[in-house]
Amino acid sequence: MEKYVINGGNVLNGEVSISGAKNAAVAIIPAVILCDEPCRIENIPNISDVSLIGRILQEMGAEVKRENKSTLYIDPRKINSYCATTDLVRGMRASYYLLGALLGRCHRAKVCLPGGCNFGARPIDQHLKGFAAMGARHELVNGAIIDVRSESRLRGNNIYLDVVSVGATMNIMLAAVKAEGQTIIENAAKEPHIVDLANFLNSMGAQIRGAGTDTIKIRGVDYLHGITYSIIPDQIEAGTYMCAVAATRGKVLVKNITPKHLESITAKLREIGCEIKEYDEAIFVDASKRPLNRCNVKTMPHPGFPTDCQPQFATLLCTVMGTSIINENVWDNRYQYVSELTMMGAHISVEGRLAIIEGGNKLTAAPVKATDLRAGAAMVIAGLCAEGTTEVTSIQYIERGYENLVEKLTALGADIKKVYYDEADRSLRA
Ligand code: EPU
């Protein structure tokens with residue numbers, strides 16, 4: 001087992017370079033299933049979710065090679081199965097993209113129900129509604145495997161999403177790329193990774209218009225050719241470092257990013273009193289000049305404040321004076337980290353979708369666990385600010401989404417180490 005050991009109190013200063021976007025990579029890699037030639041994907045983050053989706057494609061017959069730290073070569077021509085039903089598939093949320101990609105290629109997909117972080121119910125009814133509108137029916141096998149099939153090539157249709165869903169928008173896009181005729185997705189999600197997936201598919205010869213707006217039109221094509229493509233920077237990794245810098249009252253240049261993707265986070269950091277300078281591909285965050293203030297945050301689909309930065313921003317708000325209110329408007333149950341922060345001295349009460357933070361109490365070190373990926377990032381931020389030595393366990397969640405977290409934070413001046421420990425040690429805590 002591994003854990004992070006953080007000696008808190010160091011102020012973050014310097015420069016950090018952001019890796020490729022996890023949530024783009026985990027869609028673009030399965031999208032290669034639709035391609036008729038090999039592809040090379042650059043700026044791939046070196047994180048466990050990416051390794052997992054790569055191994056799943058390998059199990060299905062694709063050739064997947066890491067050419068260097070951030071480049072993946074994928075040859076999908078030998079894929080010989082429409083089934084993805086091994087344990088690997090259950091280990092991640094984004095395995096649901098195999099449904100759309102395999103349906104597009106084989107007109108059939110048998111895929112385990114996806115796993116991933118637990119925020120309460122994570123339905124995929126809108127994905128299935130989209131596939132059904134294109135002529136595919138589905139059944140649930142043994143309560144664990146979704147079997148979706150259509151007798152022939154999928155047919156384009158108009159699909160209105162009842163909820164703005166990132167996954168459903170991307171999955172329907174994948175299924176529609178090689179369908180007959182035109183598919184229109186209305187009330188589509190607009191996240192940067194949706195635009196990235198559309199750009200990737202269009203570079204291969206797909207005809208997708210309107211990605212990044214709430215209406216996406218996809219005209220089906222017969223053939224997709226191989227390309228080299230570079231994935232966008234990770235908006236949430238960048239937002240996480242920006243929160244960490246502000247929480248420690250540091251000054252850091254966050255590089256290799258698209259500032260436009262970070263506008264909602266930048267606006268909130270400015271509101272609480274950080275000085276922010278935007279450059280073409282970098283943002284300078286300076287939280288050292290004056291005391292920071294409270295604020296309220298409501299998470300929303302893009303371009304609103306991202307739910308995936310909510311736990312990190314909430315932790316930052318614990319360090320400022322005054323009462324802040326968070327309204328988690330995307331997921332039902334994304335406050336599991338609150339009990340861990342409370343152990344570190346934070347004053348937070350949760351009422352349904354609201355978290356009320358009484359800020360300004362000094363955080364103190366405690367043994368805490370990462371209850372999910374972003375909650376884990378929040379624990380690391382709390383550890384950086386806390387007095388004493390914080391130990392964060394269950395870091396496998398964090399490593400699903402953050403490349404070289406320890407190295408990047410250490411370069412900024414943090415005192416954080418990854419250490420090995422055994423189960424017996426863990427049971428002492430329980
Ligand atoms: N929803 C439905 N039906 C559906 C799909 C979604 O009701 O068929 C609801 C969900 O229950 C939720 C809301 O719609 O309340 C939004 O869910 P969405 O489908 O947008 O989420 P997702 O595609 O499962 C992705 C990211 C999450 C991120 C959300 C929201 C990936 C692999 N995951 O999940 O990222 O929180 O969008 O932005 O892209 C993370 O990176 O830590 C993470 C959890």
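**Cysteines, cores and helices**

Biologist: Let's start with C309: buried or exposed?
Modeller: C309 counts as buried, because its relative accessibility is 0%. Please keep in mind throughout that this is a predicted model.

Biologist: And how many disulfides does the structure hold?
Modeller: There are zero disulfides in the structure. For C309, the nearest cysteine sulfur belongs to C243 and is 5.0 Å away, and C309 is in no disulfide. C318 is likewise in no disulfide, with the sulfur of C385 being the nearest cysteine sulfur at 9.2 Å.

Biologist: Is C318 buried or exposed, then?
Modeller: C318 has a relative accessibility of 2%, so C318 counts as buried.

Biologist: Switching topic, which residues touch the most other members in the largest nonpolar core?
Modeller: That core has 81 residues, and I29, L98, F200 and L201 are the ones touching the most other members. If residues up to four places away in sequence are not counted, L98 touches a list that includes P30, I33, I53, M60, A84, L103 and V111. Another core, of 71 residues, lies apart from the largest one, and I272, I283, L316 and L409 are among its members.

Biologist: What about α1 and α7, at what angle do they pack?
Modeller: Helix α1, residues 22–31, packs with helix α7, residues 192–203, at an angle of about 30°, and their axes are 9 Å apart. The two helices therefore count as roughly parallel, since the cut-off for that is an angle under 35 degrees. The crossing of α1 and α7 is right-handed.

Biologist: Which residues meet there?
Modeller: From α1 come N23, A24, A27, I28 and A31, and these meet H193, D196, L197, F200 and L201 of α7.

Biologist: Next, which residues are buried in α9?
Modeller: In α9, which covers residues 263–271, the buried residues are S264, I265, T266, K268 and L269. They pack against α8, β16, β17, β18 and α10. Just after α9 comes G273, which takes a positive phi of about 115°.

Biologist: Last one: where does Y402 lie?
Modeller: Y402 is in the loop between β23 and α13, and Y402 counts as buried because its relative accessibility is 4%. Setting aside neighbours within four places in sequence, Y402 is in contact with I47, I236, E237, T240, Q312, L373, R374 and A377.

Biologist: And how far apart are Y402 and I265 in space?
Modeller: From C-alpha to C-alpha, Y402 and I265 are 18 Å apart, while in sequence they are 137 residues apart.

Conventions: Residues are numbered from 1 along each chain as its sequence is written. This is a predicted model: local features need pLDDT of at least 70, side-chain atom pairs count only at pLDDT 80 or more; totals for chains, interfaces and linings use all residues. Side-chain values use heavy atoms; hydrogens and water are left out. Buried means under 20% relative accessible area, exposed over 50%, partly exposed in between (1.4 Å probe, protein chains only). Helices (H or I, at least four residues) and strands (E, at least two) are DSSP runs, numbered from the N terminus. Contact means heavy atoms within 4.5 Å. A disulfide is a pair of cysteine sulfur atoms within 2.5 Å. A nonpolar core is a set of buried Ala, Val, Leu, Ile, Met, Phe, Trp, Tyr and Cys residues joined through side-chain atoms within 4.5 Å. Axes are lines fitted to C-alpha atoms, for helices over the stretch in contact, and angles run from 0 to 180 degrees between N-to-C directions. Angles under 35 degrees count as roughly parallel, over 145 as roughly antiparallel, 65 to 115 as roughly perpendicular and the rest as oblique. A crossing is left-handed if the near helix is turned anticlockwise from the far one by less than a right angle, and right-handed if clockwise.
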